[in-house]
Amino acid sequence: MPTLLIIIASTRPGRVGLPVARWFEEYAGRHGGFDVKVADLAELDLPLLDEPHHPRMGQYTQEHTRAWSRMVGQADAFAFVMPEYNYAMTASLKNALDYLYNEWNYKPVGLVSYGGMSGGLRAAQMVKEVVTTLRMMPLPEGVGIPFVSQHIKDGAFQPPELVVESARVMLDELARWAGALRTLREPV
Ligand SMILES: Cc1cc2nc3c(=O)[nH]c(=O)nc-3n(C[C@H](O)[C@H](O)[C@H](O)COP(=O)(O)O)c2cc1C
């Protein structure tokens, strides 16, 4: 069974990202196609990139980088639960991506984006440009959640039906890509 790593991109106290990620983790678990794990960037607390070498070399000097490398390296697929800040991805997500290189290569990523009217789509489009440089496959089948705060009740995210359906489609596609891209990661 492929491992899906859900990355929580917001680090703000009181973030909406946490209830959205909790729902998505539970839903992805019920999907049945993945061994689901979560990386919370707030808990991980990576400093701004503090490695002297290009990540392609894998010559890490910091324990936090080695821990992050193990977590990402063990994953077969990713889902980013990400808000839009000023029409862009969060700085914490960009920083976490920049830390590594080979660990991301040839793995698919599904984007669960949220925000106001835009549903975080501008940030999602921006992430696609970055992750393809890391040789990842960002799926066209994403989950966009407009007016996300309207769907938080008593601290829990209550997804509209369209969001649930798009999550199902995205997880199905992630499972397909995870299987196909695994062959590219095998040594030739
Ligand atoms: C610094 C900042 C910038 C924001 N910029 C946008 C934006 O460009 N588009 C948008 O739809 N919402 C924007 N928002 C509103 C967020 O969508 C909303 O605050 C959401 O709850 C943020 O996710 P989080 O709570 O998980 O951090 C912004 C919020 C913050 C804190």
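This is a predicted model: local features need pLDDT of at least 70, side-chain atom pairs count only at pLDDT 80 or more; totals for chains, interfaces and linings use all residues.
Colleague: How do α1 and α6 cross?

Modeller: Helices (H or I, at least four residues) and strands (E, at least two) are DSSP runs, numbered from the N terminus. Axes are lines fitted to C-alpha atoms, for helices over the stretch in contact, with angles from 0 to 180 degrees between N-to-C directions. Here the axes of α1 (residues 17-31) and α6 (residues 161-185) come within 11 Å and cross at roughly 55°. That makes α1 oblique to α6; under 35 degrees counts as roughly parallel, over 145 as roughly antiparallel, 65 to 115 as roughly perpendicular and the rest as oblique.

Colleague: Which residues make the contact between α1 and α6?

Modeller: Contact means heavy atoms within 4.5 Å. From α1 come W23, F24, Y27, A28 and H31, and from α6 come V163, V164, A167, R168, M170, L171 and D172.

Colleague: Is W23 buried or exposed?

Modeller: Buried means under 20% relative accessible area, exposed over 50%, and partly exposed in between (1.4 Å probe, protein chains only). W23 is buried, at 10%. Leaving out residues up to four places away in sequence, W23 touches F157, P159, V163, V164 and A167. The C-alpha atoms of W23 and A156 are 7.8 Å apart, although 133 residues separate the two along the chain.

Colleague: How many aromatic pairs are there?

Modeller: Rings of Phe, Tyr and Trp (its six-membered ring) pair if their centres lie within 6.5 Å; planes under 30 degrees apart count as stacked, over 60 as edge-to-face and the rest as tilted. By this rule there are six aromatic pairs. One of them joins F80 and W104 edge-to-face, with 6.5 Å between centres and 85° between the planes. F80 belongs to strand β3 (residues 77-83) and W104 to the loop between α4 (91-98) and β4 (108-114), so this pair ties together parts 24 residues apart in sequence. F80 is buried at 0% relative accessibility, and W104 is buried at 0% too. Elsewhere, W23, F24, Y27 and F157 form one aromatic cluster.

Colleague: Which residues of α4 are buried?

Modeller: L93, N95, A96 and L97 are buried in α4. The buried residues of this helix pack against β1 (3-8), α2, α3 (63-73), β3 and α5 (121-133).

Colleague: Where is E43, and is that residue buried or exposed?

Modeller: E43 sits in helix α2 (residues 41-44). With 69% relative accessibility, E43 is exposed. Its C-alpha atom is 20 Å from that of L111, 68 residues away along the chain.

Colleague: What is there to say about phi?

Modeller: Most residues other than glycine have a negative phi. Y106 is not a glycine, yet its phi is positive, about 55°. Y106 is in the loop between α4 and β4 and is partly exposed at 28%. F147, also not a glycine, has a positive phi of about 45°. F147 lies in the loop between β6 (143-145) and β7 (152-153) and is partly exposed, with a relative accessible area of 40%.

Conventions. Residues are numbered from 1 along each chain as its sequence is written. Side-chain values use heavy atoms; hydrogens and water are left out.
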